[in-house]
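Dear colleague,

Please find below the structure that I am handing over to you.

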Amino acid sequence: MKNKKFFEILIGSNNSGKIREIRDLLPKRLKIYTTKNFKLSSPKETGKTFSKNSLIKAQYFSKKTG
């Protein structure tokens with residue numbers, strides 16, 4: 001599998017504390033976007049597990065932001 005380099009990332013959360021924590025873990029070279037950049041609210045988390053809810057949010061934000 002070939003490594004793909006990426007230069008931009010969307011943090012799919014509206015929680016400012018969580019965004020700050022994630023931002024601190026990422027390389028400084030990345031352009032970081034948040035849901036606020038796209039004026040998006042979070043989808044309803046209807047999954048029964050943390051993993052299911054994470055997938056719901058990832059798919060929703062991916063679709064909305066392209």
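Helices here are DSSP runs of H or I with at least four residues, numbered from the N terminus. Please bear in mind that the model is predicted. In this numbering, Ser-62 belongs to helix α2. Its relative accessibility is 44%, so Ser-62 counts as partly exposed. The C-alpha atoms of Ser-62 and Leu-10 are 8.6 Å apart, although 52 residues separate the two in sequence.

Helix α2 spans residues 50–65 and also contains Asn-53. With a relative accessible area of 12%, Asn-53 is buried, because the cut-off for that class is under 20%. Leaving aside residues up to four places away in sequence, Asn-53 touches Glu-45, Thr-46 and Gly-47. Two backbone nitrogens face polar atoms of the Asn-53 side chain: that of Gly-47 at 2.8 Å and that of Thr-46 at 3.4 Å.

The partner of Glu-45 is Lys-57, with 3.6 Å between the closest N and O atoms. This pair links distant parts of the chain, twelve residues apart: Lys-57 lies in helix α2, and Glu-45 in the loop between β2 (31–34) and α2. The two residues fall into separate accessibility classes: Lys-57 is buried at 15%, whereas Glu-45 is partly exposed at 44%.

Kind regards

How values were computed:
Residues are numbered from 1 along each chain as its sequence is written. This is a predicted model: local features need pLDDT of at least 70, side-chain atom pairs count only at pLDDT 80 or more; totals for chains, interfaces and linings use all residues. Side-chain values use heavy atoms; hydrogens and water are left out. Helices (H or I, at least four residues) and strands (E, at least two) are DSSP runs, numbered from the N terminus. Buried means under 20% relative accessible area, exposed over 50%, partly exposed in between (1.4 Å probe, protein chains only). A polar contact is a pair of N or O atoms within 3.5 Å; within protein, one must be able to donate a hydrogen and the other to accept it, and residues adjacent in sequence count only if both atoms are side-chain atoms. Contact means heavy atoms within 4.5 Å. A salt bridge is a side-chain nitrogen of Lys or Arg within 4 Å of a carboxyl oxygen of Asp or Glu.
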